[in-house]
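Have the structure open as you read.

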Amino acid sequence: MGMPSYTPQDAAVPDGIIVIERGSSPQALGPKFNRTAADVVRFLLTNGEMVTATQSLSDEMIELFADELGAEIELVDPGQEQEVELQKVLDIPDDEDIEHDDLPERAPVITVMGHVDHGKTKLLDRIRNANVVAGEAGGITQHIGAYQVIHGGRPITFLDTPGHEAFTAMRARGADATDVVVLVVAADDGVMPQTVEAIQHAKAAEVPIVVAINKIDRENADPQRVLSQLADNGLVPESWGGDTMVCEVSALQSIGIDELLDNLLVVAEVEDLRSSPKGRATGVVLEAHLDVGRGPVATVLVQRGTLKVGDPLVAGPAWGRVRALINDLGQQIREAGPSTPVQVLGLSDVAASGDNFVVAPDERKAKSVAETRERWQRDARRGRDASVIAGGARLEDIFEQIQTGESSTLNLIVKADVHGSLEALIESLRKLERPEVKIGVVLRGVGGITESDIQLAETSNATVIGFNVRPDRRVRDFAASEGVEIRTYEVIYKLLEDVEAAMLGMLAPEYEEIVTGDAEVREIFRVPRVGAIAGCYVLNGKITRNSKVRFIREGTVIWNGEIDSLRRFKEDVREVAAGYECGIGLSDFQDLRDGDIIETFELREIPRV
């Protein structure tokens, strides 16, 4: 016999959209609909969900109850309702009282997207006319940057993002930073799956698209095929009677760059981009990281007003008085107006990419708003962590649980070098979820993998994922003793492939990484015609000439390569054991600092059983 149907009370449900916080309990949810907690619990019971009055509800449970009552709801993250009140405290300025045509023009803000290896980074590089990303690991931009160029006497601002994942993650947080998307498509490869995804994301954001067909200098380049593929995906070129601007370029040969910039200015003119440089500044955080010497550093894009040194600033849960502003050339400046990217020093904490920032009326209000936000976010995280820690599986075990018909949760602790990479990773991992496998992110953070990460992984049965960050030997030993799996990556697509392969039970034979030695840099020597030599003390294992090596600063990988030279006193040697001093020359890395760690390693294949 089936459960009896549940009919809610006759009290009228409030009109309009009802804003509900995710994770609300029946006690908090009921009154929103003029119902009691008992009504919510009783209804969910009739639908096979056994909950208590104080238990956090899933999105599906909340939506089910709302549908039953015929109510229209909007689910928001915890704290968003209160955010409206905080905006009043900050007294955020706007341009509503000024006619649009009376506002000054501003520089267009351009985001460049496209399939990996299609030349996005090289194109950005060529436009800036400086090879700022030489040696970057393929697949994801290591540090999101932004810069401004002058073309035809007019400024254009470029944002360098890891791709459409980060672009969409920022927009999901309300960050509307981009005016035009440049879609890079290789003339020899054509439109690829990631190209299609980028098109979809740009269209969803209702941002104009200008296509740059790159690598036209190659012998097998076929621009006409690319035009046909673009048209198939809803981007009909102007030459075919459509409205999509298409430029043929070669980032390598510097062909067509000026024409591309001309077209971007034409699009900007059509969009009629304007903003007031007067008053307190508002804008968006593009990237943020913790710098060893300078503290929290945030790269921000000013969207309205003028940001000045000394301004009290609040960005998400971070706040502070602007101690310094640094432009894209590394110069300290006194102020930055609309469409200007600038690094900000002086914040209390590392802000998140996509956080909106505003100059507060005074420092007291900035601190109060930031601390309130931080408290809400901490409470929200605590609730989320409690829900994912309830069960889990490691990467190695996940397929076995799927085969037994269980619905599994793959718990992950995700650490990355910068916020932009972190946001892109989380968004990409979410897309891998399937009905039988959920991905629970127990903790996400910027910085090296620490012992506290291992402790949390052990209690929550989570795998630790590191993107461009490394654990030191003490952390590795602790993880081994606790049975915690650490996986580190430098290319985002390899990380995603491994997670997806684990879900399919097709994880390839693993290469076990054996750390053979690590040494601490204690002194730097400058040798004419040779460069910097690191005077080191070998802490563990042994350092061998020509071995694979990574350079670690504060837990973050800043360079990979090989040991070029190894000396004891004035003699070249093949290896140096723990407890001895040596001089190490690296193949093409000169940015040495005292306290840095040089870690050598080798890879050993472990076939899966």
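## The six-stranded sheet

Start with the open sheet of six strands, ordered E4-E5-E3-E6-E7-E8 with mixed pairing. Keep in mind that this is a predicted model. Strand E4 (145-151) and strand E8 (245-248) sit at the edges with a single partner strand each, so one side of each has no neighbour in the sheet. On average, neighbouring strands here are turned by 25 degrees against each other, direction ignored.

Now zoom in on one pair. Strand E3 (residues 109-114) and strand E5 (residues 154-160) run parallel and are joined by three bridges. Which residue of E5 is the bridge partner of Thr111? That would be Leu159.

## Helices across the sheet

Helix H7 (residues 193-204) lies across E3, strand E6 (180-186) and strand E7 (209-214), and runs at about 165 degrees to E6.

Helix H9 (residues 257-271) lies across E3, E4, E5, E6, E7 and E8. Relative to E5, H9 runs at about 100 degrees.

## A covered strand and its partners

Is strand E16 (residues 341-347) mostly covered or mostly open? Mostly covered: seven of its seven residues are buried, and the cut-off for buried is under 20% relative accessible area.

E16 pairs in the antiparallel sense with strand E10 (residues 295-304), over five bridges. Val300 has Val342 in E16 as its bridge partner. Strand E13 (residues 318-326) also pairs with E16 in the antiparallel sense, this time over four bridges.

Strand E22 covers residues 510-527 and includes Val527. Val527 counts as partly exposed because its relative accessibility is 34%. Together with Phe525 and Val530, Val527 makes a nonpolar surface patch of about 250 Å².

Glu520 also has its place in E22. With 24% relative accessibility, Glu520 counts as partly exposed too, since that class lies between the buried limit of 20% and the exposed limit of 50%. Setting aside neighbours within four places in sequence, what does Glu520 touch? Its contacts are Gly535, Cys536, Tyr537, Leu539, Gly595, Asp596 and Ile597. For Gly535, which is 15 residues from Glu520 along the chain, the C-alpha atoms of the two are separated by 8.4 Å.

Conventions
Residues numbered from 1 in each chain as written. Predicted model: local features only at pLDDT ≥ 70, side-chain atom pairs only at ≥ 80, totals over all residues. Heavy atoms only, no water. Pairing = 2+ DSSP bridges. Helix = DSSP H or I, 4+ residues; strand = E, 2+ residues; numbered from the N terminus. Axes fitted to C-alpha atoms, helices over the stretch in contact; angles between N-to-C directions. Contact = heavy atoms within 4.5 Å. Patch = residues over 30% accessible without salt bridge, like charges linked within 9 Å, V, L, I, M, F, W, Y side chains within 5 Å. Areas by Shrake-Rupley, 256 points an atom, 1.4 Å probe, with all protein chains shown as cover. Salt bridge = Lys/Arg side-chain N within 4 Å of Asp/Glu carboxyl O. Buried < 20%, exposed > 50% of the residue type's maximum accessible area, 1.4 Å probe, protein only.
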